[in-house]
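Dear colleague,

Please find below the structure that I am handing over to you, together with its sequence. My findings follow directly after it.

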Amino acid sequence: MKQVVSSVVGRLVVVSLLLCAAAALQASDVDLLDRMIKITDTKGTRYQLLKQVSQQSGYFFIYDSQLVNNNEVVKIRKGEYTIRNAIYAITGNNQLEISIVGRHILFNLPTPHNLTSNLQQTNARRFFTIRGVVYDHASQEAIPYVTVSINDAIMGTVTNQNGEFKITIPDSLRQSVVKLSHVGYESVTFQASSLRDKYMEFLLEPKIISLQEVVVRAVNPLHVMQDMLSEREHNYSSVPVYLTTFYREVIEHKKKNIDLTEAVLKVYKTSYQKTNATDQVKLIKMRHVLKKQESDTIFTKMRSGISSCLILDVMRNLPDFLTPKNGETPYVYAYTDMSVVDNRRVYVISFEQKKEVKEPLYKGQLFIDAENYALLEAHFDVNPAYVAKATDMFVEKKSRDFNLTLRRVSYTVSYKPSGDSIYYVNHVRGDLEFKVKRKRHFFSSALNLWFEMVNCKVDRENIKRFPRDERLSTRTVFSETKYKYDADFWEHFNVIVPEEELKELIMNNLGEVTPTPALGEADEEE
């Protein structure tokens, strides 16, 4: 970009029932499963009946929806059951293998012994996957941009707009812990091996900060931001690293024409202290899928989407709203909330341009760790009141027959810590929306484009700049990059799961490799 303005879908469903203030049980698997509970509501869906067990036992459930139809209405007798027998009665299957994993009850069909032996002997599977969808327990709405990480490795992914994710894990890390975390929610963890090759539903509990947990005092937002900048050299990497990232850019016109480009990129990420050095990008693999109506006359190109992702690493490329100077800043700042992530308190600092400033600047929120002052997330938009004035900043070439007006520009940037408490950029996303109107025509249409990059892995050894012939130009139209189609495209790479409409596009159009136009920082021409 030129400069940044100076019901669950899936084959398998696993239910995770939140517990009502249940005390932690220190018991063995056998003791817990033999504990007596009382079934009072005897008719309902299997989901509703299992919820009674969850509420009384203090444990979540994890299971495969091929074993249990959640919506099927069943009736069982009223009375006392062991937890094990209650599960058998509700599921209608007494052949299930039931085990305890942390605060969860997991049940599966028994694995044939010969199959288990073969897997152990051949060690054929070097990787396994965990798939799922993450919901807010209170609202039941999907949560986008949840960080999904592996505690024993600097690797992970994020959920898409529908709250879905897929993470691919080396078999050597099967005993590792998978963590789901998001600002404002209680984090949850699971042993990776217990979720191997399953699709499950996660419910995150909103975290409320009580007055007893926080010393009530006035928080000066400018002081918090100054501390954030002072601690920058300690919180962010002082040496170059390699990031293995997944990148995606999409253009959508009239909800019919979609241009999708996806890639695995290796990024040479320079030190956060050397702001005069440049990041470099190397292409590992990519694909381009196009769905376009023959009658459509709008051709657009997304330019510099990868470059924009690098620029949006705001802790390295400090924008003006992160470097306020008393009396000189065009922004006004306010401490608006206290939140939490990974059981750590987070300051929420809001900012907006001063009323006397009439140019298109930013407004948004900063989420800053209250203990070490690391920036965890930044959400910011071009001020909606002035966004139309910014159109020329995003459109490089105008058409003689069409008028484009910028309607919305939104950015999200997040960071996550590694084992050595150093923070790395985790996820970057930009969303742009234009109104397109043909000259001398009454009706207009919407043109949406977005790009995002997620950091899937960090390498800190043997870091060297890429040779010139291996570097990818980040300021060109990426969708026009030549590539060789690969039927086994993603292999074991971690990616952001495509939303439902993109899944359909990909399935219907895989294999189309002809370079075609797209828009991001935008070229626009007929």
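Lysine 78 touches Ile39, Thr40 and Thr42, leaving aside residues up to four places away in sequence. Please note that this is a predicted model. Lysine 78 is found in the loop between β4 (73–75) and β5 (79–82). Along the sequence, lysine 78 and threonine 40 are 38 residues apart, yet their C-alpha atoms are 5.8 Å apart in space. Lysine 78 counts as exposed because its relative accessibility is 62%, where the cut-off for exposed is over 50%.

Serine 57 belongs to helix α2 (residues 46–57).

In α5 (residues 221–230), the buried residues are Pro221, Val224, Met225 and Met228. Viewed down the helix axis, these buried residues fall within an arc of 95°, so they line one face of α5. As a general point, an α-helix has 3.6 residues a turn, so residues three or four places apart point the same way. The elements covering the buried residues of α5 include α6 (232–235), β19 (331–341), β20 (344–353), β21 (362–369) and β22 (375–382). At the N-terminal end, α5 is capped by asparagine 220, with a side-chain oxygen 2.9 Å from the backbone nitrogen of leucine 222.

The largest nonpolar core comprises 75 residues, and Leu366, Leu375, Phe380 and Tyr415 have the most contacts inside it.

Finally, I turn to a pocket. The second largest pocket holds about 700 Å³ of space. Its lining consists of 33 residues, and those nearest the centre are Thr147, Ser181, Asp342, Lys416 and Pro417. At least two lining residues come from each of β9 (147–150), β12 (177–181), β22, β23 (402–417) and β24 (423–438). Which strand gives the most to this lining? That strand is β23, with five residues.

Yours sincerely

Conventions
Residues are numbered from 1 along each chain as its sequence is written. This is a predicted model: local features need pLDDT of at least 70, side-chain atom pairs count only at pLDDT 80 or more; totals for chains, interfaces and linings use all residues. Side-chain values use heavy atoms; hydrogens and water are left out. Helices (H or I, at least four residues) and strands (E, at least two) are DSSP runs, numbered from the N terminus. Buried means under 20% relative accessible area, exposed over 50%, partly exposed in between (1.4 Å probe, protein chains only). The arc is that of the directions from the helix axis to the C-beta atoms. Contact means heavy atoms within 4.5 Å. A polar contact is a pair of N or O atoms within 3.5 Å; within protein, one must be able to donate a hydrogen and the other to accept it, and residues adjacent in sequence count only if both atoms are side-chain atoms. A nonpolar core is a set of buried Ala, Val, Leu, Ile, Met, Phe, Trp, Tyr and Cys residues joined through side-chain atoms within 4.5 Å. On a 1 Å grid over the protein atoms alone, a cavity is a set of points where a 1.4 Å probe fits but cannot get out, and a pocket is an open set with protein on both sides within 12 Å along at least five of seven lines; lining residues have an atom within 4 Å of a point. Grid points are joined across faces, edges and corners, and a volume is the space filled by probe spheres set on the points.
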